[in-house]
Structures are given as structure tokens and as C-alpha cells.
Amino acid sequence: MLWSGSVTLACYGRVIYLCVRDVESASLIQPCVHTMPPPASPTKASLLWKGKEKLTEHVEFDDLNPIITYRHVLSQNLGVRDPLRVIALCDSDAFYANCEMVRLNVGPETPLVVLQWDSIIAVNYAARKFGISRMDKKKDALKRCPELMVVHVATYKEGEKEPGYWENVDTNTHKVSLDYYRRESMKIAALFREELPGCEVEKASIDEAFIDFTKPVREILLQRYPYLAQLPEDALDDLDTPLPPPPFISWHGLGSLIPINLPPAPPPDSPEEKSDPKIDLLPSDQEEAIPTGNSSTTPLFLEEQTFSTKTSSVDKLEDLENPAPTWHDVALSIAAELMDKAREEVRIKLGYSTSAGISRNKFLAKLTASYRKPNSQSILRNAAIPNYLKPMAFQKIRFLGGKLGKAIAEVYDVSTVGDLLTIGLEEMQTKFGEQSIWVYEILRGIDRNEVKDKGSALNKSMLASKNLPQAITKPSEGQHWIRVLAAELALRLRDARDISPNLWPKSLVLHARKGYDSGRSKQAPFPFTKDASVDFISNIGNKLWRDLVGNNSTLNVTNVQLAFTGIDVAESGQQSIEGFLKPPSTSSSKRRFSISDDKRKATSSRSDGNPSNTPSEPVYVCQRCRKTFPLPSLSPLEEEVDGAADASTYLFKVKLEHEDWHFAQDLASE
């Protein structure tokens, strides 16, 4: 009987493996192991910097194939230095346009754009075929595509509690609302968390999320290859013994595999929209991507998923030049399986197509995500990092597009990452300071930033802002915009309370300015209330507006902002301010306060003239010491203008001050 197989001789550190593999089953026959004696002197690798120490010599990429040991596989948390770390960045394709397609039940073949006032802010892929891009004017887009569907973003307008899709929107009376897109973004992130247990999911922007697959990938790795869970009997270095060579990897169906030895040619400018231009690291839709098979997701854009014949020739060349797989490659392949399934669930359940990049850290995952779009995922192996980074314009990297990047380009007369790899760390730190080690590392694909799930983290503030096309010149004109901004804050607080019911903004802040001046601000305590209605918020906002503008008869305000600050979770059992306000009984009022008969008569006369029908004024009663705090005397005009909201605000401030007094007394007694 003839046997066909392969024999591999591999050296990992001081360990030599002789591996025999059956070709048909791709199964690994028990390897032979030989351990070499330790070197007599430190190797060069031990002289390289660790952490923030300086290098003793110049290197380009020195960590692409680290020695992975049993300790790495069996450790529970190695952090950002884990050699098996796998990070993905998942980006929603043409997100705003896709949201409107889902809302209107529009198919992917219908060209659609999203409009904000007179400018296009989002273009779906069907519309891009006609040469339409973001920031085009509506009339120009309709000339290119007469059947184009144009959708204006939702807007707030005075008198409406929620934003809507109105006709004849006007920037002079309406305010843009992105609340629908925020809610859809939260749905996608929530579904990722549901479909990827054990992964950290960090929302990077409204249409992007980082996902750390390291923990579940390690668990699956030990399940599929149980021999990694036990140390070999002849392991001389105990847990620091290198792992045996990894198995064969089939990349079919896992996404686009970025080439190792063929650097991607500079692609044409991609029209793919970005939510933040500062992190637009690399153009997408590069033709040199190597498709490793159709994704399990059903293509929404078939023409963009069809690859040319020259790609197949690249694929054949890549097969010839592929190095032996590494255990990190195995980890990437497992993460690609998980990512593909999660993306498919988002497409089926929510209707959104996404594109993902999978690599060893956040920086490289972001680069990889833009490699091929839409409805795709790309994989960047460690061995492919050098040729992928070298031709890239380094000033497209986040934080290197400003003054620092310009200074580096001028000092060294360089433009690409490859040009800068010849600059040593010591020289770079001499010219640009010790912190330039970050630049040195990022150029070599090193990023130690963690993926942090911010799903449970509180946003400490909510801001509603309006740049006014026509300046406010009279105090009375400000109330219109106070109410519009209050409607946005009311809706956003209500949405946030759907997730955390006891959210409580401690303060309401009003800010007004002219042009780019610093402007002026006023703030007031915001009472805890379950019903933070538009009326309730705007009443406090109008009071702040009156305090802000004072007696000025003429104004020139070009920007108005209303914000919740100090957002926190109220204690369990927290009552609204009304729960602390109760009318005192007549006997208790007489017993605790010396109120003159004249003042009582004056108070009674403010009603319909019948003292028996006079409602008792609210007071704050401390539940600890039973002390009662009444409202100060107000003129009839003040009562009519300020209303009940200001009474609650005043007593709430008194409550906070009195509780602080109790706290100080408790500290003194200790």
C-alpha cells in the first residue's frame, strides 16, 4: 500500500520538530522533538527594547513570528502583548443610506442618497455607479441619475416632541436629528454582543465597532486541538516549550486574504463614506485582494463581489509563495469564522451589510477593514504586514495627518511608511521627543490599545447644538431654539433610560456664542424626574436664557447649545423631586415656622379669594432630621413667569445643600 504525505522540519527557538502529515486527511502524526542547548551568550533579540526602553539597533519588523509556547495558550489573560491576540473592526457599509433603505424597505438595486439641507451626506452603492459622491449638491446628483431616491434626514421643529421626516425643511426653523441612526447603531452593537459571547465589543463610532476575539478563539483552539492543553512529557522548558507546528489552514469561505509578497498597487480614491475623516487610514476596494472563496453571507452587491481573472493568477502565485502557517494564522481563521457568522446575523435580522478587517491589533484591523468593500471581510496575517504598510502614505494614519505628520515629512523628506522605516528610534526621539516611540511603533504595525466594551459606561453628558443661519438679535427669538433643543434632549434621555431607567442628569447647561467666540454659559440643577418632558426641560432652559441675556435689547447669537451634564445613575428608590415636596399641615407650619399673619393673608389672597381653596405651597422636608424648607416669597409676577419647574429646581438645590451639611456632620462625628 502506497502512502502519500509530507515531511516538515521546523525550528522554533531551541526546539526542532520533525512532523509527518497525511495529505488526504491533513492530520498530524505525532511529531519528533529535539531540544537544542541554550546559547552561550544573549541573542540580539534580547537586546531589543521592551516597553518604552530604547532600541540598541535599527530594525523594521521584528515581531511578526513570535515563538508561541504552552504558557501562551494556557494563560487566561496576557493582555495586549498576547501573541495570539486577534482584533476585528466591523464597519457598516454606507451606514446612513443603509439605515434609510431599511426604514423605507428599499432594495439594494435602488439608487438612494441621504440629504442634509442641500448637501448629500450618504450615498448607497447603487447610486455610486452614477458617479454620485458625498457633498454633491442635490440638483447635480439628479442630473446624473434622474430616478435617484433622495431622503432628507429627520429634523426637529418647534411644536413637535419627536423628530420627523417633514417636507420643505428649512435650516432657519428646523434642526437635524441623527437619533434614528444612533438607535440602529446600538442595535447592531447589541446583536454583536449577543452573537459573540466572550468577546469585548467597543463602539468606535456610529458605524464602526472593534471586537476582541482573543478569549473565545483560545477556547476554540483548545477544543479543536486538545493536545495543546497538555504539556509533552519530554518538554525541557516546561510551559515555555514552543508549541508543535500548526495544522493546515483552509481559508476558503473566510474572506479576502491580503497577499504577503505582492504589495497592493495604489487604488483609485474610494467613495466609501467615513464617519470620521481623521481615521480614514487607507482607501478601500483594492483589486489585488485574494478571494479565498465566497463568504457564507448572501452577496447584496453581486457585481462588487465578482473578481477579475488576474486575481486568480495572483491567487496561484500566493499559493506558491505562502510560508508555513503559524498558530496566529490559526487564531485569525477561527476569528474569521466567528466574524462571518455574526455579520450574517446582522444582515438577516437587521438588514445591514457590513465589512470587517481582522488582524492582530486595532490599528491593523482598521486598515484591513477598508481593503475590500462592501459586504466582505479581509484578513491580514502577520507575514503580510510589511508589504501592506510600506507603500501607505503615513500621513493618512490617525494623529499623523496634522502638524506632527507634516513636521516628520519635512524633516526627513518622506511620504510613505516604508520611507520612515529607515529612521531609528533614537534619532526620532532626539528630534521629536520621547513620546515619538508611539510613531516608531505604529509604523511597524504595533498598537497596544485595548478593546474596551463601553456598553455599560455612562456618557456623562448629552449635547444638543444648533448653528444658526440667521443670528438671534432679540431675546424673544431664543425661546424657539430652546424648545427645539429641549425636544432633542428629551428624546435622547428617554432612549438612554430604555437601557438604564434611573439615569439622572444633574445639571442643565445653556451656552450661547457669536461665531468662534468663547461665548457665555449658564447652568442650573436638574431635578430628578421620571417624566423629563419637552415642557419641563424648556421651562428650565428659558429661565437660563433670561439669566444669560439679561436686559440686553439687542443680541448677535449664532450658536445655541443646551446640554445635560453630570449624568449618573440615581440610587435605588430615588424619588422625583415631587416626592420630596409636600404641603405642610397647618399645625406643623405654625409649630415650626414663625410666619406672620400678614404674610399668610397675602398668600391666601393670591388664589380666587377663598382662603379655604388656597393650595399649600410645596416645601422640602428632610427625611433624616425632619426639618422643613419652604419656598422664599415671590412676587406674583415672578410666580407667573417662573412656574412650578423653578420652584422644584430651587427646592432641589436646597435639598442637595442640606444633604451636604449632613455629610459634613457625619465626617466631623467620626
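1. The model is predicted: local features need pLDDT of at least 70, side-chain atom pairs count only at pLDDT 80 or more, and totals for chains, interfaces and linings use all residues. Residues are numbered from 1 along each chain as its sequence is written, and side-chain values use heavy atoms, leaving out hydrogens and water.

2. H5 comprises 17 residues, 179–195. From first C-alpha to last it reaches 25 Å, close to the expected 24 Å, the expectation being 1.5 Å times one less than the number of residues. Helices (H or I, at least four residues) and strands (E, at least two) are DSSP runs, numbered from the N terminus.

3. An open sheet is formed by four antiparallel strands in the order E16-E19-E17-E18. Its edge strands are E16 and E18 (520–525), each pairing on one side only; pairing requires at least two DSSP bridges between two strands.

4. E19 (residues 557–569) is joined to E16 (residues 461–472) by eight bridges, and Met 462 stands opposite Phe 564 of E19. Ten bridges join E17 (residues 503–513) to E19; here His 511 stands opposite Gln 561, while Trp 504 has Asp 568 as its bridge partner.

5. Helix H16 (residues 478–499) packs on the sheet and touches E16, E17 and E19, contact meaning heavy atoms within 4.5 Å.

Key: Axes fitted to C-alpha atoms, helices over the stretch in contact; angles between N-to-C directions.
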